Amino acid sequence: MSNAPERISKLTRAQRKVLADLELFSDDDRRVAIASRKLAETTGLSRTTVRVALSDLNDLGLIRTYAPHRPRASEHTLLFPVSVRLGNGPICPSTRRSSTGGRAR
C-alpha cells in the first residue's frame, strides 16, 4: 500500500484516534483483537463513532477486520507500515506497549 500515508493524512479525527489505538495495541504482526467497547473507552469516542470509523478504515483499505461469533472480540489487521500522527508527533507503540501489556483483550 504505497499511498497509505496520503490516505492517513485525509482521515477524520475519529478515524485517526481509532487507527492510532489499533496501532498502539497491535502485536508485531500488526494484529489486534479488541472490542469496540474497549476502543470507545480508550479513544473517548462513542461506540457508534468507533464502529463507523472501523467501517471507514476497512473501506479505505487501511485495516482488515474479522468479526468472529460472540463473545470473542473483532480482530483487526493493520495494512500499512507507517505510524499514525496525532497532535505533537507519531504514536510509537513499541515504547508504550509495555505499560499496556501488549494486547487489549
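Before I turn to the fold, a word on terms: helices are DSSP runs of H or I with at least four residues, strands are DSSP runs of E with at least two, and both are numbered from the N terminus. What we have here is a predicted model, in which local features need pLDDT of at least 70 and side-chain atom pairs count only at pLDDT 80 or more, while totals for chains, interfaces and linings use all residues. Residues are numbered from 1 along each chain as its sequence is written, and side-chain values use heavy atoms, with hydrogens and water left out.

Let me start with the overall layout. The protein chain has 5 helices and 5 strands, and, read along the sequence, these follow the pattern α-α-β-α-α-β-β-β-β-α. Of the 105 residues in the protein chain, 42% are buried, where buried means under 20% relative accessible area, exposed means over 50%, and partly exposed covers what lies in between, with a 1.4 Å probe and protein chains only. The accessible surface of the chain comes to about 6300 Å², and 47% of that belongs to carbon and sulfur atoms; these areas come from the Shrake-Rupley method with a 1.4 Å probe, and for residues only the protein chains shown count as cover. If we take contacts (heavy atoms within 4.5 Å) between residues at least 6 apart in sequence, 61% of them join residues at least 24 apart.

Now to the interior. A nonpolar core is a set of buried Ala, Val, Leu, Ile, Met, Phe, Trp, Tyr and Cys residues joined through side-chain atoms within 4.5 Å. The largest such core holds 22 residues, of which Val-18, Leu-19 and Leu-22 touch the most other members. Helix H1 (4-9), helix H2 (13-25), H3 and H4 each supply at least two residues of this core, and the largest share, 6 residues, comes from H2. Leaving aside neighbours within four places in sequence, Val-18 is in contact with Leu-39, Thr-43, Leu-45, Val-50, Ala-53, Leu-54 and Leu-57.

Leu-11, in the loop between H1 and H2, is buried, with a relative accessible area of 9%.

What is the volume of the largest pocket? It is about 420 Å³. On a 1 Å grid over the protein atoms alone, a pocket is an open set of points with protein on both sides within 12 Å along at least five of seven lines, as against a cavity, where a 1.4 Å probe fits but cannot get out, and lining residues have an atom within 4 Å of a point. Grid points are joined across faces, edges and corners, and the volume is the space filled by probe spheres set on the points. Of the 18 lining residues, the closest to the centre of this pocket are Ala-35, Ser-36, Arg-47, Ala-73 and Ser-74. Helix H3 (36-43) and helix H4 (47-59) each supply at least two residues of the lining, with the largest share, 5 residues, coming from H4.

Ala-73 sits in the loop between strand E2 (63-66) and strand E3 (75-78) and is partly exposed, with a relative accessible area of 24%. Ala-73 and Ser-36 are 37 residues apart in sequence, yet 8.0 Å apart in space, C-alpha to C-alpha. Beyond four places in sequence, Ala-73 is in contact with Ala-33, Ile-34, Ala-35 and Pro-68.

Glu-75 lies in strand E3 and is partly exposed at 28% relative accessible area. Not counting residues up to four places away, Glu-75 touches Val-32, Ala-33, Arg-64, Thr-65, Tyr-66 and Pro-68.

I will close with the backbone. Most residues other than glycine have a negative phi. Arg-30, however, has a positive phi of about 65° although it is not a glycine. Arg-30 lies in the loop between H2 and strand E1 (31-33), and is partly exposed, with a relative accessible area of 37%.
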